[in-house]
Amino acid sequence: MTTQEIITKLWNLCNVLRDDGITYHQYVTELTYILFLKMAKETGTETQIPEGYRWDNLTARSGVELKSFYKKLLDHLGTECTGRVQAIYDEAVSNISEPKNLEKIITTIDQLDWFSAREEGLGNLYEGLLEKNANEKKSGAGQYFTPRVLINVITRLMKPQPGELCNDPACGTFGFMIAASQYVREHTDDFFDLDEEAARFENEVAFTGTELVKDTHRLALMNAMLHGINGHILCADTLSNAGKVLRTYDLVLANPPFGTKRGGERATRDDLTFPTSNKQLNFLQHIYRSLKTTGTARAAVVLPDNVLFADGDGELVRRDLMEKCNLHTILRLPSGIFYAQGVKTNVLFFTRGRTDQGNTSEVWIYDLRSNMPSFGKTNPLKEEYFAGFIAAYEAPDRHAVQDERWRCYTYEEILQRDKTSLDIKWLKDEVDTIEGSIEDLMQMLKEELQKENKAFAALEALLNSDQTSEA
């Protein structure tokens, strides 16, 4: 049985839980509680779990007794254990109300071909489940799951190195850091080329993250553990004062959440130069401020279009970014690659300067959005679509690249643009033209309707006035 077949079988178990009203995201969290115990047995690491609360203790029970024991197990592991086990089970609550459903899930997991799963990698199996969850629109998980293809392309271009401290301040399920760790492993013969201390650093220190949502934080911990990463993953809000200590990184890779702070409030961080209710602008400030001033510390960040053109604080943040960092590349991403379908996104690539002024001289923009198909479940994003961008990005002489999607703008040209906008487009897009025509028509109809409403209101007021006079 292949990993993909195991993933499909595990995913199909969610049908068992429909009668319990469990969502897809809750199902993956529930699976995490159970899979952790099974995988600990399969990998010979059960010593971290107290005796009496291990996999065989779970499979030895059934019915109401099983449900009662499972509830007790979750509470015990979340309160009496330490380290990663305690973090995964902290405040864990089961949403499964029917004992037979719980028993079916445990029995099915126990009967899977775990030899094949170990051969192909338990981490790959778990990530497959997370990706399945993200691709299921009903779950809403795509809001924090960055497409694996995009993660791999960005990581390869950023080239994380042994000894570098890497971070994701909005880590979701820890995908960027796992890709960074795998990149270093591939280029060091699985750390065997490193001495003992350097290998320990990669395993325990190099790759870190912060995640605000508790259930997502559990998934990140589990994902990291199954990929052999023991770096610190904080459960906190980077945009609160807890994020002030997250700094001096060599590499930051991130896809911060879209939207504004709840209720429109500004960030609670008191050290941001331009605090705003726009979360992406606050995350961007945090990220370039968190980089070391060595001249080599760098970041790649997925951000929505509004970061490129927002006025007010948006313009101030863009100017500050280009002063403190060399914002050398912007990749305009195709539409439809995230759960929030209407959001258009970009990847900003920049390197922190040694000083805080004059670091950007020119910005290269690659338009991978114009005249591109819309991606989604039926048309998944593939690495081949990034071939032109990768070639342009890595070209020894960027000015020699012949690609209509690739264009350079000097810092002076950008400063002369309205609001220092980085939302630059030069290619004609047939889809945009059609959408623009429709938008113009809708706007015209809206204006006509508003005129009619005003006329109707005026007539109604006149009639009411006449009736009052007659009275």
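I count a contact when heavy atoms lie within 4.5 Å. With that cut-off, I find that leucine 10 touches Tyr27, Leu31, Leu35, Ile109, Leu112, Leu125 and Leu129, leaving out residues up to four places away in sequence.

A note on provenance: this is a predicted model, where local features need pLDDT of at least 70, side-chain atom pairs count only at pLDDT 80 or more, and totals for chains, interfaces and linings use all residues. Residues are numbered from 1 along each chain as its sequence is written, and side-chain values use heavy atoms, without hydrogens and water.

Next, the core. I take a nonpolar core as buried Ala, Val, Leu, Ile, Met, Phe, Trp, Tyr and Cys residues joined through side-chain atoms within 4.5 Å, with buried meaning under 20% relative accessible area (1.4 Å probe, protein chains only). The largest one has 136 residues, and Leu10, Leu35, Tyr89, Ile109, Ile154, Phe349 and Phe350 have the most contacts inside it. Helix α2 (residues 24-42) gives this core its largest share, eleven residues. Helices (H or I, at least four residues) and strands (E, at least two) are DSSP runs, numbered from the N terminus.

Then I turned to strand β7 (residues 345-352), where eight of eight residues are buried. One side carries Thr345, Val347, Phe349 and Thr351, the other Asn346, Leu348, Phe350 and Arg352.

Who pairs with β7? Strands pair if DSSP finds at least two bridges between them. I see β5 (residues 298-304) antiparallel to β7 over seven bridges, and seven bridges also join β6 (residues 325-332) to β7, again antiparallel. Leucine 348 stands opposite valine 301 and is the bridge partner of isoleucine 330.

Technical notes:
Buried < 20%, exposed > 50% of the residue type's maximum accessible area, 1.4 Å probe, protein only.
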